[in-house]
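Hi,

Here is the structure I promised to pass on. Please have a look at it first, and then read my notes below.

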Amino acid sequence: MPAPLRILFVAPFGLAHKTTVWARTLPLARELRRRGHDASILVPPWDSPADSGKSLSLDGVGVHNVSIRGGLPAISARLWRRIDQAAPDIVHVVKPRAYAGIMQWSLWQARRVRPTPALFLDIDDWEQPWAALNGYPWHVARFLAWQEEWGIRHADGISAASRWLAQRAAASSPQIPVEYLPNGIDIIESPGPRRAQRDGSSHDAQRVLWFTRFVETSPEWIGAFWQALQEQLPGVRLTVAGQALQPDGEAAFRSVLLAPVDANPADSPVEWLGYVERSQLRALFDAATCAIFPSDDTPLLQAKCSVRMATVLQHGVPIVASAVGEQSAYGAAGAAQLLAPEATPQEFARQTAELLRSPARQAALSVAAQRAMREHYGWPRLAEQLEGLYVDVLQHAR
């Protein structure tokens with residue numbers, strides 16, 4: 001075991017509905033602490049203002065929320081003071097954007113006049129395509145794009161959540177060590193049995209889960225898929241779970257999936273849940289016969305590493321997915337039923353219907369998924385990889 005390190009993760013937002021900090025940074029910090037290091041997290045909680053100025057402990061990890069009063073200069077100054085007070089060996093910036101990106105730039109510039117901690121960068125998305133989806137003004141989008149490009153070129157080491165991101169970082173900055181570090185799962189020693197698998201002849205309706213942010217494919221594609229699936233398997237039901245990035249981001253999807261009906265809306269074959277609290281996920285997964293993860297083959301989706309897919313696989317829900325980006329890695333070796341990115345909605349529906357008719361195939365996918373996640377994606381294993389990156393970079397620096 002290497003000597004204990006003081007590690008401070010600096011993130012651009014807190015632990016509200018955005019995924020990165022609670023689903024990636026927090027478990028990595030927790031496992032690093034279990035390995036003997038002093039790991040904590042520093043955030044400006046603009047997404048959860050009730051946490052402003054509070055420090056708390058989550059899973060044994062100190063999460064320090066600076067006050068968000070006073071605007072950018074005041075918040076940046078508070079973050080800088082906290083970093084100085086913590087005196088870390090390593091500052092690990094979570095996303096090279098917004099306040100985290102400002103701290104990365106500031107620490108890099110400070111090297112000209114004073115010793116600074118080793119500076120690492122964690123990338124789990126290709127941020128630039130999100131600007132249009134988030135509706136950023138052009139000047140904000142341009143600044144964030146500059147931060148991302150600059151950040152990838154100015155770090156002592158980089159951890160990347162997808163192979164696409166790792167390859168892009170290595171091509172942009174071949175002198176910087178890059179560690180492929182996908183999103184992981186908490187090991188569940190005994191996840192508990194899923195309900196009995198069902199075939200298409202059962203009186204209990206087949207239920208397909210689509211766990212989405214409404215950016216993975218188009219309304220037209222999902223509408224054609226749903227129509228084809230209903231034709232092939234009458235009585236099938238669809239559960240749509242997830243929150244759109246923008247309030248009107250799901251309107252077009254609603255229009256193709258929720259056709260007007262004269263009967264009671266409760267009789268609709270589509271259940272629309274919106275955002276699902278983490279405490280309710282187990283019930284959501286237990287109710288699903290299978291889940292679908294269709295995906296367009298674009299840089300945005302090649303770069304991302306889906307926490308949703310990892311969590312669904314962890315709970316043993318059989319999956320039909322497009323072989324795009326990290327979905328290919330998660331679904332490898334029989335952990336999911338992978339289809340070519342160019343598969344039509346009709347072909348995707350046919351494969352889904354065949355899975356729904358086969359309890360044996362459902363059971364095989366469920367077992368393979370849970371085994372693959374335990375063996376390759378447990379946070380203890382991934383934290384050990386990250387520790388190895390730290391040690392290699394620090395030894396080289398010495």
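**The cores**

The largest nonpolar core has 29 residues, and those touching the most other members are Trp 210, Phe 225 and Leu 229. Please keep in mind that this is a predicted model. Two or more residues of this core come from each of E9, helix H7 (219-232), strand E10 (237-241), helix H8 (251-257), strand E11 (270-274), E12 and helix H13 (345-356). Helix H7 is the biggest giver, with six residues.

Setting aside neighbours within four places in sequence, Phe 225 is in contact with Ile 292, Pro 345, Phe 348, Ala 349 and Thr 352.

Another core, of 28 residues, lies apart from the largest one; Ala 39, Trp 379, Ala 383 and Tyr 390 are among its members.

**The cavities**

Searching the whole structure turns up five cavities of 30 Å³ or more. The largest cavity holds about 120 Å³ of space. It is lined by 16 residues, of which Glu 216, Phe 293, Lys 304, Ser 306 and Gln 327 are the closest to its centre. Strand E9 (207-211), strand E12 (290-293) and helix H12 (326-330) are the elements that each give two or more residues to this lining. Sorted by class, the lining has eight nonpolar, four polar and four charged residues.

**The cysteines**

How many disulfides are there? The count is zero. Cys 290 is buried, with a relative accessible area of 0%, and Cys 305 is buried too, at 6%.

Happy exploring!

Conventions
Residues are numbered from 1 along each chain as its sequence is written. This is a predicted model: local features need pLDDT of at least 70, side-chain atom pairs count only at pLDDT 80 or more; totals for chains, interfaces and linings use all residues. Side-chain values use heavy atoms; hydrogens and water are left out. On a 1 Å grid over the protein atoms alone, a cavity is a set of points where a 1.4 Å probe fits but cannot get out, and a pocket is an open set with protein on both sides within 12 Å along at least five of seven lines; lining residues have an atom within 4 Å of a point. Grid points are joined across faces, edges and corners, and a volume is the space filled by probe spheres set on the points. Helices (H or I, at least four residues) and strands (E, at least two) are DSSP runs, numbered from the N terminus. Ala, Val, Leu, Ile, Met, Phe, Trp, Tyr, Cys and Pro count as nonpolar, Asp, Glu, Lys and Arg as charged, and the others, Gly among them, as polar. A disulfide is a pair of cysteine sulfur atoms within 2.5 Å. Buried means under 20% relative accessible area, exposed over 50%, partly exposed in between (1.4 Å probe, protein chains only). A nonpolar core is a set of buried Ala, Val, Leu, Ile, Met, Phe, Trp, Tyr and Cys residues joined through side-chain atoms within 4.5 Å. Contact means heavy atoms within 4.5 Å.
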